[in-house]
Protein chains: 2
Amino acid sequence: MKKSMWEAGATVMAFAALALSACGPQAPVGKAQKLFGMTEATSPDGNIKLTFGITEGDSVPTYALSYGTHQVVKTSRLGLDIKIKGGKPTDNLTHGFELADVKRGSLDETWAPVWGEEDSIRNNYNELTVSLRQPSSGKVMDVCFRLYDDGLGFRYMFPEQDGLTYFTVRDEKTEFAMSGDHTAWWISGDYDTQEYDYTESRLSEIRSLSPTARQENSSQTAISPTAVQTSLQMKTDSGLYINIHEAALVDYSCMSLDLDDKNLVFKAALTPNAVGDMARIQTPCKTPWRTVMVTDDARKTLASRLILNLNDPCAYDDVSWIKPVKYMGVWWEMITGKGQWSYTNDFKSIHVGESDYAHAKPHGKHSANNENVKRYIDFAAKNGMDQLLIEGWNIGWEDWFGFEKDYVFDFVTPYPDFDVKGLNAYAKSKGIRLMMHHETSGSIRNYERHMDAAYKFMVDNGYNAVKSGYVGNIVTAGEHHYGQWAVNHYLYAVKKAADYHICVNAHEAIRPTGLCRTYPNLIGNESARGTEYESFGGNKPFHTCCLPFTRLQGGPMDYTPGILDTRMSFLEGEHSHVNTTLCKQLALYVTMYSPLQMAADLPESYEKYADAFQFIKDVAIDWQKSVYLEAEPGHFITIARKEKGGDDWFVGSITGYDEREATVDFSFLDPGVKYTATIYRDGEDASYNEKPDSYKIETQTVDSSTVLKIKCAKSGGFAISVKK
Amino acid sequence: MKKSMWEAGATVMAFAALALSACGPQAPVGKAQKLFGMTEATSPDGNIKLTFGITEGDSVPTYALSYGTHQVVKTSRLGLDIKIKGGKPTDNLTHGFELADVKRGSLDETWAPVWGEEDSIRNNYNELTVSLRQPSSGKVMDVCFRLYDDGLGFRYMFPEQDGLTYFTVRDEKTEFAMSGDHTAWWISGDYDTQEYDYTESRLSEIRSLSPTARQENSSQTAISPTAVQTSLQMKTDSGLYINIHEAALVDYSCMSLDLDDKNLVFKAALTPNAVGDMARIQTPCKTPWRTVMVTDDARKTLASRLILNLNDPCAYDDVSWIKPVKYMGVWWEMITGKGQWSYTNDFKSIHVGESDYAHAKPHGKHSANNENVKRYIDFAAKNGMDQLLIEGWNIGWEDWFGFEKDYVFDFVTPYPDFDVKGLNAYAKSKGIRLMMHHETSGSIRNYERHMDAAYKFMVDNGYNAVKSGYVGNIVTAGEHHYGQWAVNHYLYAVKKAADYHICVNAHEAIRPTGLCRTYPNLIGNESARGTEYESFGGNKPFHTCCLPFTRLQGGPMDYTPGILDTRMSFLEGEHSHVNTTLCKQLALYVTMYSPLQMAADLPESYEKYADAFQFIKDVAIDWQKSVYLEAEPGHFITIARKEKGGDDWFVGSITGYDEREATVDFSFLDPGVKYTATIYRDGEDASYNEKPDSYKIETQTVDSSTVLKIKCAKSGGFAISVKK
């Protein structure tokens with residue numbers, strides 16, 4: 001069903017005055033400044049209103065957003081500082097504009113994602129495009145606003161025109177002026193990593209909390225003491241949930257938000273390239289969408305498809321080769337230090353193609369060896385997994401990190417104790433596939449040089465999915481993980497993978513902005529602090545109560561849940577432990593949506609907790625429908641999801657720091673039908689830090705009239721499988 | 001024949017004192033400073049002497065070079081400023097050294113180049129390797145010196161060792177302290193171009209002449225007012241010819257020379273990357289060789305094989321596919337503005353793969369069209385050419401330059417009026433090949449992304465040679481044409497081309513350093529001001545009297561001579577003209593050695609001067625033997641060469657600004673044999689600016705006793721074919 005109506009007529013509002021507060025130190029839009037050329041647009045339900053206007057005097061374009069009677073974004077600046085080769089020092093797209101034209105349109109369609117939280121998504125918006133002209137230069141810039149019932153998306157569009165063909169963005173001036181000192185769930189702004197713990201605080205507290213909000217990472221570049229990353233979740237004192245992010249980040253640099261904490265105005269902070277420029281543009285061109293989601297209920301925030309809807313439809317004709325994947329990995333044993341990625345201690349450093357591994361002495365801790373991998377294959381196949389990831393299979397891991405080494409891996413040469421053909425054949429005989437691993441060590445040029453051969457090697461050996469990684473600094477001097485140069489690469493890798501029918505799960509790459517709608521072989525990303533940090537010192541107990549509001553807005557995360565031995569009792573000595581209960585680990589398979597779900601623990605851990613492991617084996621990874629039962633950022637999430645192509649439901653509920661009693665109202669079930677619910681719940685004495693593995697498994701019959709109250713321990717939760 | 005003798009014994013000279021003058025502002029080695037750990041080595045003929053020593057006090061390693069009784073390089077600093085990730089601020093390889101070991105060796109071998117100025121090259125040197133240890137850090141750095149009868153090569157070698165595995169070169173401290181205010185033939189130091197006119201001046205005059213020595217270029221970054229490029233040719237007042245260059249530049253940045261003009265000390269000026277670092281090193285590693293050639297006769301400088309000898313032997317087992325090439329091109333007509341590379345004016349800018357060329361209106365000046373190309377094919381085939389280059393055959397030329405555009409070309413899509421298959425078939429039917437053209441516009445990442453497909457496209461369509469280009473700024477922000485990142489790329493392109501049996505002629509790439517010995521499919525480079533500049537305003541009349549002493553020391557240049565219509569009379573209106581006589585253009589085929597020689601003019605020009613064109617058709621492009629008859633940098637060169645696999649000789653003689661009478665002593669001919677010499681000489685009234693096409697063609701019999709005196713006009717010359 002596609003219903004599209006485009007209105008050609010322009011509706012320019014008459015000159016109007018509006019009292020405004022200041023909006024930022026970068027040349028404030030002005031207190032009590034008059035606007036002209038004002039025009040408005042509303043969401044389909046009429047509740048969200050966008051006001052566009054141009055300031056008097058310096059003629060700066062602005063926008064403001066309201067939700068019912070609430071001001072969401074106060075009048076805020078639009079525009080970009082630019083430079084044009086051979087142009088004038090005065091070239092800009094920041095001020096001196098007049099409103100040349102206004103176009104309106106609307107769309108109401110539904111579309112079916114290849115995989116997702118539901119099998120059908122409604123895309124319903126009203127659109128307002130203002131065409132802005134600089135009389136002094138003749139330049140034209142359009143701003144397209146799309147109003148949804150749950151928020152706003154807007155983007156700059158640069159039509160093809162004389163005098164604006166190629167240009168460089170020096171600074172994007174977009175502002176988001178907040179109406180109050182909201183509570184925010186934020187991570188520190190950075191050009192190279194998103195792997196920070198979240199902080200819950202007032203906006204005005206960000207500056208003072210910033211130093212403690214930054215944990216050490218393999219590559220990190222701070223932006224400012226008040227910069228935070230998107231998607232940024234906020235809550236107003238009046239109970240509105242506001243989320244700022246971006247959608248469809250293609251060939252542009254990533255936007256962070258720099259807060260003017262006197263005036264509570266966020267300003268776009270793009271990621272610079274090696275010479276400090278933010279983006280290079282060729283017209284016609286559209287920037288990514290800047291999004292402001294706003295709801296009056298946190299559950300609606302989780303249910304929002306704003307980011308996906310703002311992305312283009314699927315770019316591939318054939319998507320039959322793209323499948324959700326449940327997998328295990330030869331991974332957690334290296335993350336915890338039980339095993340190693342590397343093979344030998346014989347070399348001071350590795351020269352790929354020259355270092356003689358065949359005659360090197362193994363150090364004995366190499367996990368990706370034939371015997372161990374076969375053990376994993378046996379276990380994964382027996383327990384219904386689709387694939388087995390093996391990291392550390394290829395030569396180069398002895399000195400792969402931290403040296404900004406160009407030729408660090410070749411992606412095709414296995415260690416002597418890893419038989420590529422034999423192990424793939426063995427896996428195939430057991431009915432599963434191996435999953436490829438391409439760690440790039442940030443050496444993007446090297447990866448691109450080997451990419452075709454590496455993908456071809458995968459196809460030749462039966463792999464159809466790759467976990468790629470970009471640990472450490474980007475090796476090309478001066479470039480950042482989130483700059484245009486790297487952003488361009490990540491999508492290049494995904495599109496080229498599609499040529500080989502390969503699905504990509506990129507870690508340490510740019511955080512997702514809904515591009516999985518267009519390129520659904522991008523089945524996963526990391527781009528946040530994942531489960532691995534539970535072994536590196538721990539994630540905050542409320543971490544996964546933040547992620548679905550923030551990181552997951554852009555697309556699925558390969559969070560790698562399922563650590564049932566949360567104490568890592570297989571390790572000797574002191575070490576960190578997972579900051580959840582065992583049951584919360586199970587619940588994550590439902591609350592952390594992903595078409596790629598890992599059962600991250602060791603086989604021996606799953607054998608130890610075989611009854612609990614049953615949920616991981618059972619849980620679906622692709623969904624017909626999702627029902628968001630309870631939600632509050634940082635505090636709790638309860639979601640029920642119905643599997644695609646089946647009748648089973650799965651429920652997950654998690655809590656943060658605090659104990660709480662969750663309520664599961666089963667009214668989502670087919671009326672009049674009896675279901676068997678298997679409930680995996682925290683034990684009475686369970687807590688993430690004291691008794692993580694206190695749990696109970698109970699079975700009971702439920703129907704659409706059932707309402708269950710279930711207690712969640714501190715950083716606890718429960719999972720329920722509901723079968724007809 | 002290979003005679004190798006390696007002596008293991010160390011010969012450390014006893015402590016000795018030496019009076020020294022200051023050598024540079026960077027912490028002078030010291031006046032009257034004492035050296036210890038002194039050790040010496042001499043050339044096989046004993047005439048050149050290298051003295052190594054370490055300064056007292058700060059223990060800086062130094063070297064000095066003498067030629068007979070002449071001081072060539074006064075005591076000069078060695079070493080590198082480095083930084084090590086996780087290391088100490090005091091990390092350095094500049095001082096605090098002790099002499100730990102000395103090794104000596106020698107080699108006398110001959111080897112046969114795949115192509116060259118002669119078919120057999122003697123490689124005869126004595127070697128001294130000093131092993132330097134920093135007691136304070138335990139670090140070890142070796143310096144290997146090779147003494148030839150015509151000069152010195154030395155390189156830093158970093159053995160694999162604890163504490164020095166990966167490091168960054170912040171600055172190379174190598175100095176070349178001159179003993180006097182020599183005359184130099186120099187071009188201005190630059191990180192992005194070598195396309196400057198030469199200046200002849202005293203070293204002390206470089207600073208004042210520097211502003212006028214820099215002409216506009218599509219990409220240029222000045223180093224300093226006294227920086228010059230290598231190879232730098234000098235002449236002392238006592239008549240020594242000194243040349244400083246480097247050999248085997250692999251995965252390191254290009255060295256220029258920054259002159260301390262108070263003390264006449266050159267210091268190595270490496271090319272920085274985007275963050276100002278000069279090179280990233282992984283041990284074990286060797287830097288390029290720094291070379292100081294010294295002779296008492298300019299002819300010996302031209303005859304030197306120092307740079308080739310310092311490179312590694314051929315890396316390929318099979319070289320049967322590498323052939324010298326004589327070619328014409330659909331090129332000069334675009335260079336002169338008669339035709340264009342582009343096809344249409346329909347687009348404001350090009351989006352490769354999206355812009356609809358099929359429906360675009362041709363602007364009518366596109367030279368690479370089927371009809372015109374066929375005309376060239378006919379002419380080239382009829383006149384014995386091997387190949388025909390066609391530039392502007394592929395889409396993207398409408399806005400290819402100056403925008404730092406990433407996806408600028410795809411290297412496989414022809415313009416609508418260029419039938420790749422049809423034209424290749426037509427060429428094949430006429431017995432010649434087409435030559436591919438890959439302009440990258442400095443977008444190195446884009447070229448690497450398309451390289452495999454582009455090379456495969458060549459093979460599939462019958463091409464076996466490519467002219468590549470790197471016009472404009474390197475698109476990866478902050479990188480330079482001569483930095484390590486780009487240097488790494490150029491060789492990557494050559495090595496990958498070899499996989500496809502493709503020969504490479506790279507323009508605007510790094511200037512050659514003898515790598516064609518190791519990778520002989522690198523059959524040409526530009527890396528200097530070529531004939532194209534004769535159409536862009538002109539080259540100085542003495543330009544080609546400089547190049548064989550400078551640019552050509554590193555390898556052949558695709559100078560593209562053969563412009564017989566030096567006035568470009570086919571053009572209307574005012575325009576520059578070629579600053580040579582017609583006969584000098586012919587002589588360049590002998591004096592500018594290259595296995596790749598273009599007949600650069602238009603077919604109609606060759607028809608106009610058909611008798612003179614005969615020499616271009618006749619002249620060989622691969623040689624058994626070369627005899628350097630007369631030479632003085634910037635002033636005159638006379639060379640006789642015997643073709644490989646034949647008995648014919650070809651003689652070329654050129655002069656610079658001044659008229660002169662050249663002497664050709666034919667004693668190089670087989671004794672007692674009569675030869676027919678066809679002499680293409682300037683007319684009596686010829687001059688490059690007034691009467692360039694005044695010429696005479698004379699035939700006479702010569703034998704080994706013949707001595708001819710032939711007058712060369714201003715910027716004139718002559719060519720002689722000598723047939724048995």
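Q: What makes the pair of A:Asp162 and B:Lys348 a salt bridge?
A: In this predicted model, the closest N and O atoms of A:Asp162 and B:Lys348 are 3.5 Å apart, and the term asks for a side-chain nitrogen of Lys or Arg within 4 Å of a carboxyl oxygen of Asp or Glu, so the pair qualifies. Helices (H or I, at least four residues) and strands (E, at least two) are DSSP runs, numbered from the N terminus. A counterpart joins A:Lys348 and B:Asp162, again with 3.5 Å from N to O, and the count between chain B and chain A is eight salt bridges.

Q: Why are the two copies said to be related as by a two-fold rotation axis?
A: When the copies are superposed by least squares on the C-alpha atoms of residues with pLDDT of at least 70 in both, chain B can be laid on chain A with an RMSD of 0.0 Å by a turn of 180 degrees and a shift of 0.0 Å along the axis. The two copies are therefore related as by a two-fold rotation axis. Among the residues of chain B, B:Ala274 comes closest to that axis, its C-alpha being 3.0 Å away. The same surface serves both copies, since 100% of the contact residues of chain B recur in chain A.

Q: How much area do chain B and chain A bury between them?
A: Buried area is the accessible area (1.4 Å probe) that two parts lose on being put together, summed over both, and by that definition the two chains bury about 3300 Å², 47% of it on carbon and sulfur atoms. B:Tyr166, B:Lys348 and B:Arg449 supply 21% of the area that chain B buries against chain A, more than any other three residues. With contact taken as heavy atoms within 4.5 Å, 36 residues of chain B are in contact with 36 residues of chain A.

Q: What makes the aromatic pair of A:Tyr63 and A:Phe145 tilted?
A: Rings of Phe, Tyr and Trp (its six-membered ring) pair if their centres lie within 6.5 Å, and planes under 30 degrees apart count as stacked, over 60 as edge-to-face and the rest as tilted. The count by this rule comes to 77 aromatic pairs over all chains. For A:Tyr63 and A:Phe145 the centres are 6.4 Å apart and the planes make 40 degrees, so the pair is tilted. A:Tyr63 lies in strand β4 (residues 61-67) and A:Phe145 in strand β9 (residues 140-148) of chain A, so the pair ties together parts that are 82 residues apart in sequence.

How values were computed:
Residues are numbered from 1 along each chain as its sequence is written. Chains are lettered from A and ligands numbered from 1 in the order in which they are written. This is a predicted model: local features need pLDDT of at least 70, side-chain atom pairs count only at pLDDT 80 or more; totals for chains, interfaces and linings use all residues. Side-chain values use heavy atoms; hydrogens and water are left out.
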